[in-house]
Amino acid sequence: QVQLVESGGGLVQPGGSLRVSCALSGSGFSIYDMGWYRQAPGMERELVASISSGGHRNYADSVKGRFTISRDNAKNTVILQMNSLKPEDTAVYYCSARLIIGNLLRYWGQGTQVTVSS
């Protein structure tokens, strides 16, 4: 059974840093890519950053230069390092993985709250 378990997040002041991690467990799949999405109240869920199995990284324009996504292939873990955080980064952050299990399927974590406020 595929499971994504997130950790990290919390409350930080503007300009501060946070790191969120996501561990993928299960078997019988190949990883196409993993990434992070976020959803603020009243807003649609949006891509923050993703990293493919080959290491290609993709970032939303709003986080380029501030956020870094990385992956530990041995542990099937993806990490989002968030620096220079702004109040507009406040949202629930969701880990996502696209896995090849016959077809290409997307899985989601339960979400973790990130709040940037003084």
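**Close-up views: core and disulfide**

**View 1. The largest nonpolar core.** Of its 30 residues, Met-34, Trp-36, Leu-80, Met-82 and Tyr-93 touch the most other members. A nonpolar core here is a set of buried Ala, Val, Leu, Ile, Met, Phe, Trp, Tyr and Cys residues joined through side-chain atoms within 4.5 Å; buried means under 20% relative accessible area, with a 1.4 Å probe and protein chains only. Keep in mind that this is a predicted model, where local features need pLDDT of at least 70, side-chain atom pairs count only at pLDDT 80 or more, and totals for chains, interfaces and linings use all residues. Numbering starts from 1 along each chain as its sequence is written, and side-chain values use heavy atoms, leaving out hydrogens and water.

View 2. Two or more residues each come from β3 (18-25), β4 (30-39), β5 (46-52), β7 (67-72), β8 (77-82), β9 (91-101) and β11 (112-116). Strands are DSSP E runs of at least two residues, numbered from the N terminus.

**View 3. Around Met-82.** Skipping neighbours within four places in sequence, Met-82 is in contact (heavy atoms within 4.5 Å) with Gly-16, Ser-17, Leu-18, Val-20, Arg-66, Phe-67, Tyr-93 and Val-114.

**View 4. The one disulfide.** There is one disulfide in the structure, a pair of cysteine sulfur atoms within 2.5 Å. Cys-22 is joined to Cys-95, S to S 2.0 Å. Cys-22 sits in strand β3 and Cys-95 in strand β9, so the pair ties together parts 73 residues apart in sequence. The S-S torsion is about -80°, so the disulfide is left-handed. Cys-22 is buried at 0% relative accessible area, and Cys-95 also counts as buried, at 0%.

Note on methods
Buried < 20%, exposed > 50% of the residue type's maximum accessible area, 1.4 Å probe, protein only. Helix = DSSP H or I, 4+ residues; strand = E, 2+ residues; numbered from the N terminus.
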